[in-house]
Amino acid sequence: MARLTTLLPRGVSARRPRLWRGAVLACAAAYFLVPLAASVVFTVDVPGKGLSLDAYGQIFRADGFTSSLLLSLELALATIAVVLLLMVPAVVALRLGAPRLRPVVDIVCSLPLVVPPIALVAGIGTVLRWGPEHLAATPFFQTLVAIQNPAFPVVLVLAYTVMALPFVYRALDAGLRAVDVRTLTEAARSCGTSWPRALVHAVLPNLRGALLNASFLTLALVLGEFTVAQLLGFQPFAVWVVNVSGSQAQLSVAVSVLSLLITWALLLALTSFGGGTSRRAAPRRKE
Amino acid sequence: MTSSTTTLTGPAAAAAVPVRRHRSAGWIAVAPLLAFVALSFGAPALAMLGGAFTARDPATGATSYTTANFAASLHGAYLTALLGSVKLSAVSAGIAAVLGLLLAQAVVTSRFRALREAVLTASGVLANFGGVPLAFAFVATLGNSGVLTRQLGLARHGWDLYSFWGLTLTYLYFLIPLMVLTVTPALDGLRSQWREAAQNNGATGAQYWRHVALPVLAPSLLGGLVLLFGSAFAAYATAAAMVGSSVPLVTLQIADAISGNVLLGQENVALALSLDMVAVACLVMAVYLPLQRRSARWLD
């Protein structure tokens with residue numbers, strides 16, 4: 001009896017799950033691949049003219065493409081520099097000398113998660129409007145004007161850095177978990193190096209994966225960011241794509257496909273890279 | 001830094017100083033971060049808080065404290081938008097949670113490691129794929145002159161991408177992968193012994209899910225659900241690039257009010273609406289974090 005009941009379900013269940021599994025996977029594949037394929041078809045299939053790659057050729061001749069892309073890249077580099085300069089010393093210090101600060105940094109770096117970008121930009125807009133009203137006679141006013149320079153809006157770097165904090169903190173913290181920072185620095189220090197040299201030459205090389213990880217995430221965030229830039233009236237890449245879509249639908253889809261492929265290549269590189277570090281980090285959850 | 005180490009003299013100083021130095025060095029390393037957040041995040045947050053509670057008389061320019069902005073943000077078109085956002089986020093998060101669970105289960109029980117790796121990597125990529133490109137991909141596929149719309153004549157059947165369900169279908173594109181990422185670790189934590197034990201006691205597959213698997217999974221399922229809700233609720237770029245304002249959403253209303261598209265002088269109502277959103281996001285976090293901690297218990 002016992003043998004019958006154990007044999008029967010197994011014989012049945014071995015066949016059935018494979019069917020539903022196949023169906024689920026097929027549906028998922030269709031849902032996720034069709035929009036991509038359709039976008040490509042949309043860009044190369046000109047109604048009445050047949051196949052052509054014109055839309056992709058137009059991208060590079062389009063007005064504003066180069067300047068907006070360059071602006072986005074510059075913003076991304078500046079954001080990466082600022083966020084790493086702020087976060088790396090902080091997370092290393094949390095490991096080394098100030099574990100009691102961890103709750104503070106935890107909270108500070110999670111705060112941006114509860115303020116959606118649109119709420120953040122509403123607040124930033126309010127602060128920027130103070131300028132002409134209250135600060136016109138003070139040097140602060142010049143600062144407020146300077147950070148809104150359309151050629152390189154520093155205010156966007158500030159906003160993007162805030163938005164990147166949670167991701168960067170998590171990436172760096174996961175990377176540090178796999179490294180015994182204390183032993184490394186103590187070894188370096190007892191060999192006679194100074195503190196800054198110990199950090200730069202002993203700790204940072206071990207964090208290369210986490211640093212790359214954080215940089216990639218920030219890059220993807222800044223390149224795709226639309227909300228803050230549009231509402232503050234600047235025109236980096238994502239805003240340009242939307243502005244151009246009104247007149248040239250095909251061009252905007254072509255740019256989307258292209259930017260998507262680039263972003264995916266970046267994120268794929270990151271996940272295959274980051275997957276390795278997080279797996280190694282997993283068994284060493286001590287703190 | 002170097003000078004302070006060379007000036008140390010005597011054993012007492014050498015023993016006492018490093019401890020204190022460590023501590024102060026920790027503060028020094030964290031201070032720039034705190035200062036930066038206070039400036040770039042604290043100032044806008046305070047401005048939002050202050051602005052949401054003040055009203056300004058257009059004639060005299062005098063400001064006064066009031067809750068009128070909140071009252072306005074919970075009335076009329078603004079209330080419709082807030083409820084529209086909640087409805088859209090709840091529906092798309094619910095659907096995405098179910099479909100994501102199915103997909104994750106299909107992948108986890110699969111014997112092919114390569115398939116699992118591929119789906120998880122793709123999910124990591126797709127979960128980060130919101131915003132403008134997503135909107136245009138769906139416009140090109142299912143919009144008024146989209147490829148599928150033309151090929152299948154969907155317009156004749158009443159299909160409209162720029163509607164509630166069109167937006168839901170689009171949001172699922174980044175919500176399902178997010179769910180797969182959230183729930184896969186929990187599914188991995190379901191031990192095969194539990195299923196075997198249930199089977200040996202005569203339980204059917206449905207009974208196993210009802211009494212064993214779902215209770216274990218419940219915290220991570222709920223946690224995933226609120227996480228999806230939160231990210232659908234905060235989404236703006238996709239909706240703005242796709243539907244304009246044909247679907248009432250709180251993010252679109254805030255954007256309109258900030259840029260003065262509809263009425264001038266609505267900035268403070270926009271701030272009140274933003275604060276409403278922050279309140280919802282805080283609620284989401286308050287539910288999500290304890291659930292996440294609870295579900296982590298089963299994974300070790």
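Residues are numbered from 1 along each chain as its sequence is written, while chains are lettered from A and ligands numbered from 1 in the order in which they are written. The model is predicted, so local features need pLDDT of at least 70 and side-chain atom pairs count only at pLDDT 80 or more, whereas totals for chains, interfaces and linings use all residues.

The model scores ipTM 0.79 and pTM 0.81. Confidence in each residue is given by the predictor as pLDDT, from 0 to 100. The mean pLDDT of chain A is 80, and 84% of its residues reach 70 or more. Within chain A, confidence is highest in helix H3 (residues 65-96), at 91. It is lowest in helix H13 (residues 249-281) of chain A, at a mean of 70. Helices (H or I, at least four residues) and strands (E, at least two) are DSSP runs, numbered from the N terminus. Two stretches of chain A have pLDDT below 50. Residues 1-14 of chain A form one such stretch, with 5 contacts beyond near neighbours in sequence. Residues 276-287 of chain A form another, with 11 such contacts. Two residues are in contact if their C-beta atoms, placed from the backbone, lie within 7 Å.

For chain B, the mean pLDDT is 81, and 87% of the residues reach 70 or more. Among the elements of chain B, helix H4 (residues 76-108) has the highest mean, 91. Helix H1 (residues 2-6) of chain B has the lowest, 41. Over residues 1-17 of chain B, pLDDT stays under 50. The model has 7 contacts beyond four places in sequence for that stretch.

Chain A contains 13 helices and 2 strands. Chain B also contains 13 helices and 2 strands. Of the 287 residues in chain A, 40% are buried. In chain B, 44% of the 300 residues count as buried. A residue is buried if 20 or more other C-beta atoms lie within 10 Å of its own, exposed if 12 or fewer, and partly exposed in between, with C-beta atoms placed from the backbone. In chain A, 77% of the contacts with a separation of 6 or more join residues 24 or more positions apart. In chain B, among contacts between residues at least 6 apart in sequence, 73% join residues at least 24 apart.

In chain A the annotated spans include residues 75-96 and 151-172. UniProt positions are given in the numbering used here, feature names are shortened, and annotations may be inferred rather than shown by experiment. Residues 75-96 of chain A are 100% helix and 0% strand, with end C-alpha atoms 32 Å apart. Residues 151-172 of chain A are 86% helix and 0% strand, and the end C-alpha atoms lie 31 Å apart. In chain B the annotated spans include residues 90-108 and 120-142. Residues 90-108 of chain B are 100% helix, and their end C-alpha atoms lie 26 Å apart. Residues 120-142 of chain B are 87% helix, with end C-alpha atoms 26 Å apart.

The two chains meet at an interface. Ala, Val, Leu, Ile, Met, Phe, Trp, Tyr, Cys and Pro count as nonpolar, Asp, Glu, Lys and Arg as charged, and the others, Gly among them, as polar.

Chain B is divided into domain 1 (2-52) and domain 2 (69-299). These bounds come from an automatic or database domain assignment. Between the domains, 4 residues of domain 1 are in contact with 6 residues of domain 2. The domain 1 side has 3 nonpolar residues, 1 polar and no charged.

The largest nonpolar core has 168 residues. Such a core is a set of buried Ala, Val, Leu, Ile, Met, Phe, Trp, Tyr and Cys residues joined through C-beta atoms within 7 Å. Val168(A), Leu175(B) and Leu228(B) have the most contacts inside this core. Helix H7 (residues 154-177) of chain A supplies the largest share, 16 residues. Both domains of chain B give residues to the core, so it lies between them. Not counting residues up to four places away in sequence, Leu228(B) touches Ala93(B), Ala96(B), Ala97(B), Leu175(B), Leu178(B) and Met179(B).
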